[in-house]
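Q: Could you take me on a close look at one loop of this model and the parts it touches? I would enjoy a connected walk through it.

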Amino acid sequence: VEYGNPADAKKAISMLNDSFVGDSKRPIFVREDREDRTFAQSVQKFSNFSRAPRNFNSSNGGLKGKQIFVGNLPYSTSWQDLKDHFRQCGNVVRADVIMEHGRSKGQGTVLFESREAAQKAISMFNDTEFQGRALTVPEDRYAN
């Protein structure tokens with residue numbers, strides 16, 4: 001969703017984040033997308049609301065080797081903090097902080113455009129300090 005001004009966007013985020021869809025117990029998470037792209041580019045980038053972008057399919061090796069796991073994150077770390085930090089290694093396609101019951105689990109994943117960038121992130125940031133905590137940064141073994 002795109003808003004006409006920043007104030008309306010911030011209001012929607014504060015009202016809707018961690019709310020529930022209808023009468024269900026399914027929470028929704030609303031966040032700002034700070035990337036400079038149009039709605040049409042966003043739709044092209046992701047298909048069927050899947051977590052992985054279209055260009056990361058099985059014909060080109062999928063996510064394997066392009067996604068890293070980040071452990072021991074401070075609970076206050078946002079997806080944007082994670083993305084900004086790991087951007088030093090290459091183009092970050094997606095960064096997520098793993099949440100449970102509306103709270104951070106202190107873990108996250110970062111998906112890079114290339115395997116080389118992911119490997120660079122592992123060697124550059126594993127066992128280094130981030131916001132006062134020593135990170136654990138291996139390849140995400142659950143990425144396919």
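A: Let's start at Gln131, which is partly exposed because its relative accessible area is 42%. This is a predicted model, so please read each value as computed from it. Gln131 sits in the loop between β6 and β7. Its backbone deserves a look, too: phi is positive, about 50°, although Gln131 is not a glycine.

The loop between β6 (129–130) and β7 (133–134) also holds Gly132. Gly132 counts as exposed because its relative accessibility is 56%, over the 50% cut-off. From Gly132 we can look across to Leu73: the two are 59 residues apart along the chain, while their C-alpha atoms are separated by 9.1 Å.

Now turn to a contact partner of Gln131. Leaving aside neighbours within four places in sequence, Thr77 is in contact with Gln131, and also with Phe130, Leu82 and Val97. Thr77 belongs to the loop between β3 (67–71) and α3 (79–86). With a relative accessibility of 5%, Thr77 counts as buried, since buried means under 20%. So the contact between Thr77 and Gln131 pairs a buried residue with a partly exposed one.

Leu82 is listed with Ile68, Val70, Phe86, Val110, Phe112 and Val137 as the residues with the most contacts inside the largest nonpolar core, which has 19 residues. At least two residues of this core come from each of β3, α3, β4, β5 and α4 (115–125). Among these, α4 gives the most, with 5 residues.

Not counting residues up to four places away in sequence, Ile68 touches Phe86, Val110, Phe112 and Val137, among others. The contacts of Ile68 also include Ala118, Ala121 and Ile122, as well as Pro138, Glu139 and Asp140.

His101 is located in the loop between β4 (92–100) and β5 (103–112), and it counts as exposed because its relative accessibility is 79%.

One last stop is on the surface. There, Tyr3, Met15 and Leu16 make up a nonpolar patch with about 310 Å² of accessible area together. Of these, Met15 lies in helix α1 (residues 6–16) and is exposed, with a relative accessible area of 56%.

Definitions and conventions. Residues numbered from 1 in each chain as written. Predicted model: local features only at pLDDT ≥ 70, side-chain atom pairs only at ≥ 80, totals over all residues. Heavy atoms only, no water. Helix = DSSP H or I, 4+ residues; strand = E, 2+ residues; numbered from the N terminus. Buried < 20%, exposed > 50% of the residue type's maximum accessible area, 1.4 Å probe, protein only. Contact = heavy atoms within 4.5 Å. Patch = residues over 30% accessible without salt bridge, like charges linked within 9 Å, V, L, I, M, F, W, Y side chains within 5 Å. Areas by Shrake-Rupley, 256 points an atom, 1.4 Å probe, with all protein chains shown as cover. Salt bridge = Lys/Arg side-chain N within 4 Å of Asp/Glu carboxyl O. Core = buried A, V, L, I, M, F, W, Y, C linked by side-chain atoms within 4.5 Å.
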